[in-house]
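Me: I have a model open and would like to learn to read its features. Can we take them in turn?

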Amino acid sequence: MMKTEELNLVTEWDKTFPKSEKVDHSKVTFVNRYGITLAADMYVPKNGTGKLPAIAVSGPFGAVKEQCSGLYAQTMAERGFLTIAFDPSFTGESGGVPRYMASPDINTEDFMAAVDFLSLNDKVDPDRIGIIGICGWGGMALNTAALDTRIKATVASTMYDMTRVNANGYFDSEDSEEARFEKKKAMCAQRLEDLKNGEYKLGGGVVDPLPEDAPFFVKDYYDYYKTDRGYHPRSLNSNGGWNVIGCESFMNQPILKYSNEIRNAVLIIHGEKAHSCYFGKDAYTNMVKDSKYADNKELMIIPEATHTDLYDGGAKDYIPFDKLESFFHEYLK
């Protein structure tokens, strides 16, 4: 029998969004194939009958389920789906030691373990399961969709390809052997510093206070993670960030290599004004190139929307929940 870690789960409502009266909410746990116990919020529509279609949600990269993944999950539950929003391994309320690590393999497994959990849930139709990945978890969702044949529909919202941004820098500005070598050299040195110091150095949290000359995308993140809009005490991005070496293996792990073999339906959503929009556009192009399964793939660009507008809707409710509902109803029918 798989052993589960004892997790201390918060019982009170501590989300960055209001609680819906249309759904029942509870905390659940499940174990991935590495033996790490994951914590999730489960949302069940109060008027749901029979075995329901289900969706697992995670992201953004460095966020927790009390932020936008929970908002997506609760909203989709209001629309008739049983949903879970989970914290990835090593973060939030989930287990895993050391803390604040990321892994293209383990984090893909986290999504597959969420599908395991839903598949075995008495309230779920195991033939009608989808996933939603936000930001860096959009790329993880595509990687999972290429691996997990049980998934019938996948949404990547305001996605990052974390392998690309780690290896090439933002906007591919560091895409050279020399630049990658210097980054790898620095991380290898940091490993030894961490061992000498007996703790991992943190980095990558949203800068605070915000410099006046900060780039737009940094201001965009600040407006979400460092204000009442999205701040959460367990969120890595709201606070000190990941371990500096936490994303080391992303440097040479092209997670989207087999995306053009994804047979399940995929919807990629991105904001027109998001600094990250090129990730979504390129992921879509690569996914349909030489693919025998391009007919159920779609790229949706939201006019005027920025990266974090698709976290919580921003000022104009930019998240296209009607589209998400129709997409999942079509492919989870």
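Me: How much space lies in the largest pocket?
Reply: Rolling a probe the size of a water molecule over the atoms shows where empty space is left. In this predicted model, the largest pocket holds about 830 Å³.

Me: Which residues lie nearest its centre?
Reply: Met 162, Val 165, Asn 166, Tyr 170 and Gly 204 do, out of 27 lining residues. Helix 4 (162-168), helix 5 (177-197), strand 7 (202-204), helix 6 (216-225) and strand 8 (241-243) each give two or more residues to the lining. Helix 6 gives the largest share, with 4 residues.

Me: How do the lining residues divide into nonpolar, polar and charged?
Reply: The lining has 18 nonpolar, 7 polar and 2 charged residues.

Me: Where does UniProt place a domain?
Reply: The UniProt entry, which is unreviewed, puts "domain: Xaa-Pro dipeptidyl-peptidase-like" at residues 35-177. In the model, that span is 33% helix and 26% strand. Its end C-alpha atoms are 36 Å apart.

Me: Now the rings. How many aromatic pairs does a search of the whole structure find?
Reply: The search finds 23. Take Phe 61 and Phe 250. Their ring centres are 5.9 Å apart and their planes stand at 90 degrees, so this pair is edge-to-face.

Me: Which parts does that pair tie together?
Reply: Phe 61 sits in the loop between strand 3 (52-58) and helix 1 (68-78), and Phe 250 in the loop between strand 8 and strand 9 (265-271). The pair therefore ties together parts 189 residues apart in sequence.

Me: What kind of pair do Tyr 160 and Tyr 170 form?
Reply: Theirs is edge-to-face, with 6.0 Å centre to centre and 90 degrees between the planes. Tyr 160 lies in the loop between strand 6 (153-157) and helix 4, and Tyr 170 in the loop between helix 4 and helix 5, so the parts tied together are 10 residues apart in sequence. Tyr 160 is buried at 3%, whereas Tyr 170 is partly exposed at 28%. Recall that Tyr 170 is also among the residues nearest the centre of the largest pocket.

Me: Which aromatic cluster holds Tyr 160 and Tyr 170?
Reply: One cluster includes both, along with Phe 171, Phe 217, Tyr 221, Tyr 224, Tyr 225, Tyr 278, Phe 279 and Tyr 311.

Me: Where do charges sit over rings?
Reply: Lys 15 lies over the face of Trp 13, 5.3 Å from the ring centre. Lys 257 has its charged end over the ring of Tyr 258, at 5.5 Å from the centre.

Me: What should I look for in the backbone?
Reply: Most residues other than glycine have a negative phi, and most peptide bonds are trans. Look for exceptions. The bond from Gly 59 to Pro 60 is cis, with omega near -10 degrees. Pro 60 is in the loop between strand 3 and helix 1. Val 97 and Pro 98 are also joined by a cis bond, with omega about 0 degrees. Pro 98 belongs to the loop between strand 4 (82-86) and helix 2 (104-119).

Me: Which residues other than glycine have a positive phi?
Reply: Tyr 100 is one of them, with phi near 65 degrees. Tyr 100 lies in the loop between strand 4 and helix 2 and is partly exposed at 31%. Glu 304 has a phi of about 75 degrees. Glu 304 is in the loop between strand 10 (297-302) and helix 8 (309-312), and at 42% it counts as partly exposed.

Terms used: Residues numbered from 1 in each chain as written. Predicted model: local features only at pLDDT ≥ 70, side-chain atom pairs only at ≥ 80, totals over all residues. Heavy atoms only, no water. 1 Å grid on protein atoms, 1.4 Å probe; cavity = no way out; pocket = protein on both sides within 12 Å on 5 of 7 lines; lining within 4 Å. Points joined across faces, edges and corners; volume = space filled by probe spheres on them. Nonpolar A, V, L, I, M, F, W, Y, C, P; charged D, E, K, R; others polar. UniProt positions renumbered as here; feature names shortened; annotations may be inferred. Phe/Tyr/Trp six-rings, centres within 6.5 Å; stacked < 30°, edge-to-face > 60°. Buried < 20%, exposed > 50% of the residue type's maximum accessible area, 1.4 Å probe, protein only. Lys NZ or Arg CZ within 6 Å of the ring centre and 35° of its normal.
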